[in-house]
Amino acid sequence: MGNYKKAYIAGGCFWGMEDLFRDRPGVIDTEVGYLGGENDNPTYENHPGHAEGIEITYNPAKTSFKHILDYFFRIHDPSTVDRQGNDRGSSYRSAIFFQNEEEKKEAQELIKIVDASKKWQAKVVTTLEPFTKFWTAEPEHQDYLVRKPNGYTCHFERFNTGFL
């Protein structure tokens, strides 16, 4: 797939995150799945410790990891612990799964920028977790809001401009 890169993030129900990221400039593909949990082969019914997250394949010539994170902080509330909208629990935590020290550093820098902006009522609680494995969710969860345009989501653009 060329010189594409992947980013792994979680910010509440994966359906809404995927739907908003799919049309972003430079994004090639999105998949929903599970990250950072305790069991192999997690499912929607059995994913202890896993976050509902997305895998974003992107073209680094057209966007960057930092710009993906910038948008991420605009479409969910990173100041709530284990909660987005009506969804509660560690599955719905805000997390960035970094693949290397450069991504970790960029995420740390952007969290400082987001906090300094005071656009959110509280400090960012997004966790930075080392990426280990992405488990693709079941087919019925992929492209969910494309198939069910009026389906549940708590994701939307909260700010017209980014943080960068």
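**How the helices pack**

M17, L20 and F21 in helix α1 meet I68, Y71, F72 and I75 in helix α2, where contact means heavy atoms within 4.5 Å. Sorted by class, the residues of this contact are 7 nonpolar, no polar and no charged. Here Ala, Val, Leu, Ile, Met, Phe, Trp, Tyr, Cys and Pro count as nonpolar, Asp, Glu, Lys and Arg as charged, and the others, Gly among them, as polar.

This is a predicted model, in which local features need pLDDT of at least 70 and side-chain atom pairs count only at pLDDT 80 or more, while totals for chains, interfaces and linings use all residues. Residues are numbered from 1 along each chain as its sequence is written, and side-chain values use heavy atoms, with hydrogens and water left out. Helices (H or I, at least four residues) and strands (E, at least two) are DSSP runs, numbered from the N terminus.

Two packed helices are described by the angle between their axes and the distance between the axes. Helix α1 covers residues 14-21 and helix α2 residues 65-75; the two pack at an angle of about 130°, with axes 11 Å apart. That angle makes α1 oblique to α2. The axes are lines fitted to C-alpha atoms, for helices over the stretch in contact, and angles run from 0 to 180 degrees between N-to-C directions. Angles under 35 degrees count as roughly parallel, over 145 as roughly antiparallel, 65 to 115 as roughly perpendicular and the rest as oblique. The crossing of α1 past α2 is right-handed; a crossing is right-handed if the near helix is turned clockwise from the far one by less than a right angle, and left-handed if anticlockwise.

How much of each helix is covered? In α1, 6 of the 8 residues are buried, and in α2, 9 of the 11. Buried means under 20% relative accessible area, exposed over 50%, and partly exposed in between (1.4 Å probe, protein chains only). The buried residues of α1 are F14, W15, G16, M17, E18 and F21, and they pack against β1, β2, β3, α2 and α4. Those of α2 pack against β1 (5-11), α1, β3 (51-58), β6 (94-98) and α3 (101-117).

One of the buried residues of α2 is I75, with a relative accessible area of 0%. Leaving aside residues up to four places away in sequence, I75 touches M17, L20, F21, H155, F156, E157 and R158. I75 and F156 are 81 residues apart in sequence, yet their C-alpha atoms are 5.0 Å apart in space.

Helix α2 has another helix partner, α3. The axes of α2 and α3 come within 10 Å and cross at roughly 40°, and the two helices are therefore oblique to each other. This crossing is right-handed. F65, K66, L69, D70 and F73 in α2 meet E103, E106, A107, E109, L110, I111 and V114 in α3. By class, the contact of α2 with α3 has 7 nonpolar, no polar and 5 charged residues.

**Aromatic rings**

A pair of aromatic rings is described by the distance of the centres and the angle of the planes. Rings of Phe, Tyr and Trp (its six-membered ring) pair if their centres lie within 6.5 Å; planes under 30 degrees apart count as stacked, over 60 as edge-to-face and the rest as tilted. The count comes to 9 aromatic pairs. One of them is W15 with Y144, a stacked pair at 3.7 Å centre to centre and 15° between the planes. W15 lies in helix α1 and Y144 in helix α4 (residues 144-147), so the pair ties together parts that are 129 residues apart in sequence. W15 and Y144 are both buried. F159 and F163 form an edge-to-face pair, 5.9 Å centre to centre with 80° between the planes. F159 is buried at 16% relative accessible area, and F163 at 10%. Ring pairs also link Y8, F131 and F134 into a cluster.

**Residues in the loops**

N41, in the loop between β2 and β3, is exposed at 55%. K118, in the loop between α3 and β7 (127-130), is exposed at 68%. N41 is not a glycine, although it has a positive phi of about 55°; K118, also not a glycine, has a positive phi of about 55°.
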